[in-house]
Amino acid sequence: MASSNPEHLIIDRILAGEAGAYAELVNKHKSYAFTLAMKILQNRGEAEEAAQDAFIKAYHHLNTFNRDAKFSTWLYRIVFNTAISYKRKHRQTFQSIEHTVLEYSPDAEGSLERMDKRKYLALAMAKLNEADRTALTLFYLNEFSLEEIADITGLEANTAKVRIHRARLRLADELKLILNQEALTL
Amino acid sequence: MKKNSPADEEQLLHYIDGTLSAPERQALEILLTHDAALKARLEELQAADAWLHNIPLENPSRNFTQQVLSKLDQYPASRQTSFTSWKGIFLLAGMLVAIGITSVLVSAGVFDGVHTSINLNQELPEKFVQRSLPTVDFSGKTMINVIIALNLVLAWLVLDKAVLKPLFQRRMANLH
């Protein structure tokens with residue numbers, strides 16, 4: 001039976017030999033994939049390379065994609081695993097927190113308050129470990145379910161839930177600390 | 001101000017997510033009216049939650065899609081790991097051949113005549129030893145059997161890493 005899912009139709013076109021159709025999937029998911037890689041690698045260059053590598057891997061394994069699952073979950077699992085491999089390979093790469101927080105996307109321009117919130121959030125996120133950052137990003141950015149997050153990160157659903165809860169508590173602590181310090185310097 | 005317990009904090013997160021049952025929610029709301037520390041923590045967590053809902057989406061470079069499309073025909077990085085698997089398979093094959101040859105030699109009795117013994121009384125100076133120590137005998141056949149057993153354990157580990165793990169990972173990937 002033919003699928004009515006637009007992504008499945010694109011996949012069918014790609015598998016039929018229309019490689020250019022892959023651009024539609026890349027365009028749709030590149031920002032989420034890149035953000036996820038950024039949260040793990042904390043380095044734009046490496047994150048871009050890892051995200052591209054993940055899209056290339058996904059392309060070469062499209063025929064193994066199970067249509068009962070969500071394409072985004074499948075793709076982000078590949079992005080997650082690729083970024084983790086990059087992290088292991090380039091463990092010595094050091095990047096300061098200051099560098100991380102100053103990197104805003106062009107569309108991030110907004111009110112001063114919004115910019116401040118993003119800056120403090122980025123600072124607090126940078127204080128967490130990569131597993132907690134990734135879990136929070138998946139939970140809040142794309143609003144994946146716990147089961148989907150567990151699937152992407154290779155954890156048990158219960159473990160993913162505990163990790164997200166723990167990360168939320170830690171982030172609240174870090175934000176409180178940063179804002180208190182900020183208030184003291186005013 | 002008193003410190004909230006991990007269970008309290010867990011309840012607060014469920015409260016924020018709206019996953020508490022009606023009685024649990026009511027009980028917590030009553031508790032919040034009496035417990036200033038818990039209420040303060042709830043406000044912190046709610047603020048963090050509101051901020052997290054605005055995690056900025058990062059944009060990759062403008063030519064990201066073009067770069068991906070231009071690399072599609074390149075050798076995929078995932079195949080590089082299969083080379084490692086092949087190395088593991090060759091290593092495993094080599095170990096099994098070595099174990100096989102050694103087992104044949106053991107069963108043919110090649111190592112039956114190999115014996116050695118260590119006299120500890122000769123090896124250790126008298127000033128350190130107050131009484132007579134036993135002589136330790138080593139049988140060549142026993143030692144070779146131990147080495148074969150260790151190799152079997154190593155072969156099992158190589159089999160797991162080079163063959164079974166990649167196989168099950170591929171199966172899991174196919175399932176999704």
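**A walk through chains A and B**

The UniProt annotation "transmembrane region", from an unreviewed entry, covers residues 89–111 and 143–164 of chain B; UniProt positions follow the numbering used here, feature names are shortened, and annotations may be inferred rather than shown by experiment. This is a predicted model, in which local features need pLDDT of at least 70, side-chain atom pairs count only at pLDDT 80 or more, and totals for chains, interfaces and linings use all residues. Residues are numbered from 1 along each chain as its sequence is written, chains are lettered from A and ligands numbered from 1 in the order in which they are written, and side-chain values use heavy atoms, leaving out hydrogens and water.

Let us start with chain B. Residues 143–164 of chain B are 100% helix and 0% strand, with end C-alpha atoms 30 Å apart. Helices (H or I, at least four residues) and strands (E, at least two) are DSSP runs, numbered from the N terminus. Residues 89–111 of chain B are 83% helix and 0% strand, and their end C-alpha atoms lie 29 Å apart.

B:L105 belongs to helix α5 (residues 77–107) of chain B. Why does B:L105 count as partly exposed? Because its relative accessibility is 35%, and buried means under 20% relative accessible area, exposed over 50%, partly exposed in between (1.4 Å probe, protein chains only).

Now to chain A. In helix α8 (residues 146–153) of chain A, the buried residues include A:E148, A:I149 and A:A150. Just after α8(A), A:G154 takes a positive phi of about 75°. Helix α3(A) is mostly covered, with 13 of its 17 residues buried.
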